[in-house]
Amino acid sequence: MSENILQTMGQQLGRRSWAEPWKIKMVEPLRMISREEREKALIEAGYNTFLLKSEDVYIDLLTDSGTSAMSDRQWAGMMMGDEAYAGSRNFYNLESAIQTYYGYKYIIPTHQGRGAEHLISQVAIKSGQYVPGNMYFTTTRLHQELAGGIFVDVIIDEAHDSQNSHPFKGNVDLDKLEALIKREGAEKIAYVSLAGTVNMAGGQPVSMANVKALRELCDHYGIKVYLDVTRMVENAFFIQEREEGYADKTIAEILIEFCSYTHGAWMSAKKDSLVNIGGWLAVNDEPLFEELRNLVVVFEGLHTYGGLAGRDLEAMAIGITESVQDDHVRSRVEQVRYLGKLLTEWDIPIVQPVGGHAIFLDARRIYSHFPQNQFPAQTAAAELYLDSGIRSMERGIASAGRDPKTGDHYYPKLELTRLTIPRRVYTQAHMDVVAESVRAVYDDREKTLGLNMVYEPKYLRFFQARFERL
Ligand code: F0G
């Protein structure tokens with residue numbers, strides 16, 4: 001029964017609806033300020049949803065990062081924090097959870113994902129080397145560039161088309177990768193930077209067949225594969241659902257098999273692992289581990305706490321075991337799909353197929369009357385906030401930043417507004433409210449004007465940039 005409560009219940013009741021495999025024990029009140037107040041708050045925030053005060057937000061879909069609800073078990077674990085500087089019991093619990101569910105040998109905790117990205121980039125990239133990956137992610141690429149690497153996108157072309165219904169749009173195009181290796185030589189490739197459920201493509205999964213073939217190709221050339229496992233649990237769900245031979249395997253079995261084709265991984269545990277803060281880096285190679293373990297002390301903290309409190313490590317260890325439960329993952333992804341289904345029925349353009357963690361509005365199609373350098377996706381996020389106090393975020397030209405060589409904007413094909421669903425936080429009724437607000441914004445699209453960027457920070461500009469209405 002516990003294996004798959006949802007399916008069993010569905011069979012017993014003769015229906016196939018899903019429901020959350022938990023009930024609510026503690027609640028946090030929501031507040032919605034008036035339209036005039038939202039107008040004022042948005043101008044003060046420079047039309048950037050990252051600069052809004054959370055108090056002024058009604059339903060917060062900015063990110064699924066660190067915004068999940070922890071379980072009673074995790075909170076109980078927080079009380080068992082062993083706050084020793086060195087050798088905390090909680091570190092060993094975390095190490096054992098990662099070894100059990102992800103299968104890597106050597107573990108280094110970090111304060112969050114980008115702490116791990118920094119360490120692996122500094123150690124594994126030599127200046128001038130290429131880092132091919134299945135689409136860029138903002139912090140990942142920046143750390144690769146800061147280490148002297150040159151990111152090269154080798155995702156399949158389908159990923160750049162919001163309406164293409166390929167079941168594994170996160171796959172690496174092995175021909176593109178091999179052409180790069182042949183052109184530049186294997187020694188010029190630092191490693192392949194592979195990500196599960198590719199965030200910037202709309203939460204799109206990588207198939208098991210693809211990672212297997214990727215590993216074979218890389219073994220042939222002596223190149224390492226490192227995995228961004230941040231949302232790999234959700235990726236495992238799509239493999240279970242879509243890939244032949246995996247329907248009867250558990251999420252945990254699929255997860256560990258996938259990781260076994262890679263040489264190491266970095267993790268932002270603020271997503272899949274259901275914690276508010278935390279991350280880690282894991283490798284199987286001992287000399288590499290020694291180097292990383294030495295470097296973590298410089299930037300994060302001792303190798304048994306990595307910038308976290310003992311209680312955070314414990315919450316992460318427990319969160320990992322909860323995150324791989326099949327009924328948890330199913331209800332998480334089905335909630336995202338519920339919202340996607342409503343919008344699709346109303347013909348609102350979103351990235352298809354719906355991915356694991358968010359709905360991505362196709363802002364380029366919504367605002368087809370103004371150009372990409374007037375920030376369509378940023379505009380949609382601002383309009384949604386104005387309409388209802390719902391906070392989303394831009395994943396388009398502002399997020400893409402500038403080419404460090406030419407100084408020009410990158411012009412990504414995908415110009416998206418992300419409505420990211422935190423895990424175990426909102427109900428189906430919240431999703432209805434969100435869908436209706438998106439529809440109101442969509443209905444007003446022709447009257448809407450774009451934005452002009454009036455302040456641009458040097459790094460990861462989307463976090464702090466300011467805009468004005470045109
Ligand atoms: N990798 C992926 C795929 C991510 O989505 C993130 C963060 C990171 C790495 C970096 O991890 O935030 O813990 O330092 N994504 C958040 C988001 C910020 O909203 O998508 P971090």
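Reply: A cavity is a set of grid points where a 1.4 Å probe fits but cannot get out. The model is a predicted one, and with a threshold of 30 Å³ or more the number of cavities it holds is 2.

Me: Which residues line the largest cavity, and what is its volume?

Reply: The lining consists of Glu20, Trp22, His328, Ser331, Arg332, Gln335, Pro422, Arg423 and Arg424. By class, these comprise 2 nonpolar, 3 polar and 4 charged residues. The volume of the largest cavity is about 60 Å³.

Me: Which element gives the largest share of the lining of the second largest cavity?

Reply: The second largest cavity holds about 40 Å³ of space, and its lining is made up of Val233, Glu234, Asp272, Ser323, His328, Val329, Arg332 and Arg423. The largest share, 3 residues, comes from helix 13.

Me: Which element gives the largest share of the lining of the largest pocket?

Reply: The largest pocket contains about 1,500 Å³ of space. Of the 38 residues lining this pocket, those closest to its centre are Met26, Ala69, Met70, Arg424 and Val425. Helix 3 (72–78) and helix 13 (326–345) are the elements that give two or more residues to the lining. The largest share, 3 residues, is that of helix 3.

Me: How is the lining of the largest pocket divided by class?

Reply: Met26 and Arg424 are among the residues closest to the centre of the pocket. Taken by class, the lining of the largest pocket has 16 nonpolar, 11 polar and 11 charged residues.

Me: Is helix 5 parallel or oblique to helix 11?

Reply: The axes of helix 5 (residues 113–124) and helix 11 (residues 286–299) come within 10 Å and cross at roughly 125°. Because of that angle, the relation of helix 5 to helix 11 is oblique.

Me: Which residues make the contact of helix 5 with helix 11, and what is its make-up by class?

Reply: Helix 5 passes helix 11 in a right-handed crossing. Helix 5 brings His118, Leu119, Ile120, Gln122 and Val123 to the contact, and helix 11 brings Leu288, Glu291, Leu292, Leu295, Val296 and Phe299. By class, the contact has 8 nonpolar, 2 polar and 1 charged residues.

Me: How many nonpolar, polar and charged residues has the contact of helix 5 with helix 6?

Reply: Helix 5 and helix 6 pack at an angle of about 30°, with their axes 9 Å apart. Helix 5 is therefore roughly parallel to helix 6, and the crossing is right-handed. Arg114, Glu117, His118, Ser121 and Gln122 in helix 5 meet Thr139, Thr140, His143, Gln144 and Leu146 in helix 6. By class, this contact has 1 nonpolar, 7 polar and 2 charged residues.

Me: Is the crossing of helix 8 and helix 10 left-handed or right-handed?

Reply: The axes of helix 8 (residues 208–221) and helix 10 (residues 251–260) come within 9 Å and cross at roughly 20°. Helix 8 is therefore roughly parallel to helix 10. The crossing of the two helices is left-handed.

Me: Which residues of helix 8 meet helix 10, and what is the contact by class?

Reply: From helix 8, Met208, Val211, Lys212 and Arg215 meet Ile254, Glu257, Phe258 and Ser260 of helix 10. By class, this contact has 4 nonpolar, 1 polar and 3 charged residues.

Me: Where does Met135 lie, the residue with a positive phi?

Reply: Most residues other than glycine have a negative phi. Met135 is not a glycine, yet its phi is positive, at about 75°. Its place is the loop between strand 2 (130–133) and helix 6 (138–146).

Me: What is omega for the cis peptide bond that joins Gln352 and Pro353?

Reply: Most peptide bonds are trans. Pro353 lies in the loop between helix 13 and strand 8 (358–362). The bond joining Gln352 and Pro353 is cis, with an omega of about -10°.

Key. Residues numbered from 1 in each chain as written. Predicted model: local features only at pLDDT ≥ 70, side-chain atom pairs only at ≥ 80, totals over all residues. Heavy atoms only, no water. Axes fitted to C-alpha atoms, helices over the stretch in contact; angles between N-to-C directions. Helix = DSSP H or I, 4+ residues; strand = E, 2+ residues; numbered from the N terminus. Parallel < 35°, antiparallel > 145°, perpendicular 65-115°, else oblique. Left-handed = near helix turned anticlockwise from the far one by under 90°. Contact = heavy atoms within 4.5 Å. Nonpolar A, V, L, I, M, F, W, Y, C, P; charged D, E, K, R; others polar. 1 Å grid on protein atoms, 1.4 Å probe; cavity = no way out; pocket = protein on both sides within 12 Å on 5 of 7 lines; lining within 4 Å. Points joined across faces, edges and corners; volume = space filled by probe spheres on them.
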